[in-house]
Amino acid sequence: GEDFGTFESRLHPEDRDRVQAAFRDHLRRRTPYDVEFRMRTKAGDYRWFLARGQAVWGPNGRATRMAGSIS
């Protein structure tokens with residue numbers, strides 16, 4: 001899988017702040033993560049994607065990974 005740095009570098013610049021804010025809000029409130037954004041494809045163009053998921057919380061109360069889907 002890709003790490004977040006690679007994912008973030010492929011995000012459309014206009015969507016980056018909104019995606020980061022949605023992720024931070026999810027971690028703070030533990031509400032479902034549900035955000036649409038444009039991401040650069042291997043061909044170099046941008047496509048819209050929808051990411052839905054939630055963090056998997058460890059016994060120490062910290063998020064250990066994200067589980068969900070991007071479509």
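Phe-7, Phe-37 and Phe-49 form one aromatic cluster in this predicted model. The structure holds three aromatic pairs, where rings of Phe, Tyr and Trp (its six-membered ring) pair if their centres lie within 6.5 Å, and where planes under 30 degrees apart count as stacked, over 60 as edge-to-face and the rest as tilted. The rings of Phe-7 and Phe-37 have planes at 85 degrees and centres 5.5 Å apart, so this pair is edge-to-face. Phe-7 belongs to helix 1 and Phe-37 to strand 1, and the pair links distant parts of the chain, 30 residues apart. Helices (H or I, at least four residues) and strands (E, at least two) are DSSP runs, numbered from the N terminus. Phe-37 also pairs with Phe-49 in a stacked arrangement, with 6.3 Å from centre to centre and 25 degrees between the planes. Because Phe-37 lies in strand 1 and Phe-49 in strand 2, this pair ties together parts that are twelve residues apart in sequence. Phe-7 and Phe-37 are both buried, as are Phe-37 and Phe-49; buried denotes under 20% relative accessible area, exposed over 50%, and partly exposed in between (1.4 Å probe, protein chains only).

The largest nonpolar core consists of nine residues, namely Phe-7, Leu-11, Val-19, Tyr-33, Val-35, Phe-37, Met-39, Phe-49 and Ala-51. Such a core is a set of buried Ala, Val, Leu, Ile, Met, Phe, Trp, Tyr and Cys residues joined through side-chain atoms within 4.5 Å. Strand 1 (33-40) and strand 2 are the elements that give two or more residues to this core, and the largest share, four residues, comes from strand 1. In soluble globular proteins, nonpolar side chains tend to be buried together.

Ala-51 is in contact (heavy atoms within 4.5 Å) with Tyr-33, Asp-34, Val-35, Phe-37, Ser-69 and Ile-70, leaving aside neighbours within four places in sequence. Ile-70 is also the bridge partner of Ala-51 in strand 3. Strand 2 (residues 46-57) and strand 3 (residues 63-70) run antiparallel and are joined by seven bridges; two strands pair if DSSP finds at least two bridges between them. The two strands form a hairpin with five residues between them, and Gly-61 in the turn has a positive phi of about 85 degrees.

Asp-15 is located in the loop between helix 1 (4-10) and helix 2 (16-29). With a relative accessibility of 2%, Asp-15 counts as buried. The side chain of Asp-15 makes a polar contact of 3.0 Å with the side chain of Arg-18. A polar contact is a pair of N or O atoms within 3.5 Å; within protein, one must be able to donate a hydrogen and the other to accept it, and residues adjacent in sequence count only if both atoms are side-chain atoms. Beyond four places in sequence, Asp-15 touches Phe-37, Arg-38 and Trp-48. His-12, found in the loop between helix 1 and helix 2, is buried at a relative accessible area of 15% and touches Arg-38 and Tyr-46, not counting residues up to four places away.

Residues are numbered from 1 along each chain as its sequence is written. Local features need pLDDT of at least 70, side-chain atom pairs count only at pLDDT 80 or more, and totals for chains, interfaces and linings use all residues, while side-chain values use heavy atoms, with hydrogens and water left out.
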